[in-house]
Amino acid sequence: MKRRAAIALVLLALAAPAVRAQERHGRPWQELTPEEQWRAWENYQRYQQLPEQRQKNLERRYQQFRDMPPQERQRLRQNYDTYRGLPPRQRQEFIDKYHRWKGRK
Amino acid sequence: MRCQRARKWMTAAVDGELAPRRRRALDAHLAACAACRRELAVTERMLTALEGLPMEAAVSARLEQATLRRVRLAAADEAERAPASRWTRWLPLPAFALATAAVLVLAIGIVRRTGQVPGAPAVRPAPKLDARGVAQAPPSLLRPPRRFAKLPTEPPAKLAEAPDLFVDMSIIRNLDKLTHFEAIQTTTLDDEPATPDGLEPPSNG
């Protein structure tokens, strides 16, 4: 019994870093669908064109996003879908509102 | 502040990434500089348009074929209009096309009998000739779509390390907007008149 518990503890200890890495960085490349791989590849090329400061900002925000609870991430995804679905005029209005909101903060 | 610096900060300002102090400095400059206001409006429009672009364009195979055919026909017309070299000027186009086709058929016959051409990486089927004798691209060049052909077999280290960063990059870029989405939507623009750039009007006092 003690031996089994020890083995389980060792396995847990070995698996923990991998789990933490997945929590920090998300899924491995092989687990993405071809569509996601394609999107990631295109965005990676855009990312490479960005100045270093903006790359760092994105990485910082990505960590913020990863650290959010799953429900919050889901809420953001829904908001993004809503935002993408806005007609151009409404989207512009939203951006104007954002600047106004940001100025008041 | 000089215009050069203001323009450097504009993209960050549009993304809401500019620190409040810099934002105020930029706003002060914009209030006095019409050229930079125009530049900001253009940047905003461009970024909005970029965000509005679909991640991919779905084009049916039929439309793709039809478009490629039109391009080939237009290219053939252009070639016909271009001044021909001395020896091809006297050579009628159909005869030239037939001769090319005959050479291709002969070459393929030889390749099929003897196997693969030494040194050649792969044997492609002979290109089909359309009614005008213009070679059509074989289907293997059209499918799979180019976008899949561009994908690397091994992702670069940065991409392999955190692929989700790049999958969700649009969300991450707009993290601030999306986090406070509801609050932003309920913000009113009516109480304080804004300039067409979405900026505060310059104060006169």
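# Close-ups of a two-chain predicted model

**Figure 1. Arg45(B), a residue that sits between two labels.** Arg45(B) has 14 C-beta neighbours inside 10 Å, so it counts as partly exposed. To be called buried it would need 20 or more such neighbours, and to be called exposed it would need 12 or fewer. You'll find Arg45(B) in helix H3 of chain B, which covers residues 34-52. Look for Val14(B) as well: 31 residues separate it from Arg45(B) along the chain, yet their C-alpha atoms are 9.9 Å apart. Keep in mind that this, like every view here, comes from a predicted model.

**Figure 2. Chain A, built from helices.** Chain A has five helices and zero strands. Reading from the N terminus, the pattern goes α-α-α-α-α. Of its 105 residues, 18% are buried.

**Figure 3. Chain B, with helices again.** Here the count is 12 helices and zero strands. How much of chain B is buried? Of the 205 residues in chain B, 14% are. Now take the contacts in chain B between residues at least 6 apart in sequence: 54% of them join residues at least 24 apart.

**Figure 4. Helix H2 of chain A and what covers it.** H2(A) runs over residues 34-49, which makes 16 residues. From its first C-alpha to its last it reaches 23 Å, close to the 22 Å expected at 1.5 Å a residue. Which residues of H2(A) are buried? They are Gln37(A), Arg39(A), Ala40(A), Trp41(A) and Asn43(A). Part of their cover comes from the other chain: it includes helices H8 (157-161), H9 (163-167) and H10 (169-173) of chain B.

Figure 5. Leu58(A), Tyr62(A) and Phe65(A) are its buried residues. These three cover an arc of only 60° around the axis, which puts them on the same side of H3(A). Here is the general idea to hold on to: an α-helix has 3.6 residues a turn, so residues three or four places apart point the same way. On the other side of H3(A), the exposed residues are Glu52(A), Gln53(A), Lys56(A), Arg60(A) and Asp67(A). The cover over the buried residues of H3(A) includes H2 and H4 of chain A, along with H9, H10 and H11 of chain B.

**Figure 6. Helix H5 of chain A, end to end.** The 17 residues of H5(A) should span 24 Å at 1.5 Å a residue, and the end C-alpha atoms are 24 Å apart, so the two agree. Its buried residues are Ile95(A), Asp96(A), Lys97(A), Tyr98(A), His99(A) and Trp101(A).

**Figure 7. Where the two chains meet.** In this view, 39 residues of chain A are in contact with 41 residues of chain B. On the chain A side, H2, H3, H4 and H5 each supply at least two residues. Which helix gives the most to that side? It's H5(A), with 13 residues. Sorted by class, the chain A side has 18 nonpolar, 10 polar and 11 charged residues. For the complex, the predictor gives an ipTM of 0.78 and a pTM of 0.46.

Figure 8. Zoom in on Leu165(B): leaving out residues up to four places away in sequence, it touches Glu59(A), Tyr62(A) and Ile172(B).

Figure 9. Chain B averages a pLDDT of 67, and 47% of its residues score at least 70. Over residues 114-125 of chain B the pLDDT stays under 50, and the model has seven contacts beyond four places in sequence for them. Residues 193-205 of chain B are below 50 too, and this stretch has 20 contacts in the model beyond near neighbours in sequence.

Conventions: Residues numbered from 1 in each chain as written. Chains lettered and ligands numbered in written order. Predicted model: local features only at pLDDT ≥ 70, side-chain atom pairs only at ≥ 80, totals over all residues. Helix = DSSP H or I, 4+ residues; strand = E, 2+ residues; numbered from the N terminus. Expected span 1.5 Å × (residues − 1). Contact = placed C-beta atoms within 7 Å. Nonpolar A, V, L, I, M, F, W, Y, C, P; charged D, E, K, R; others polar. pLDDT = per-residue confidence, 0-100. Arc of directions from axis to C-beta.
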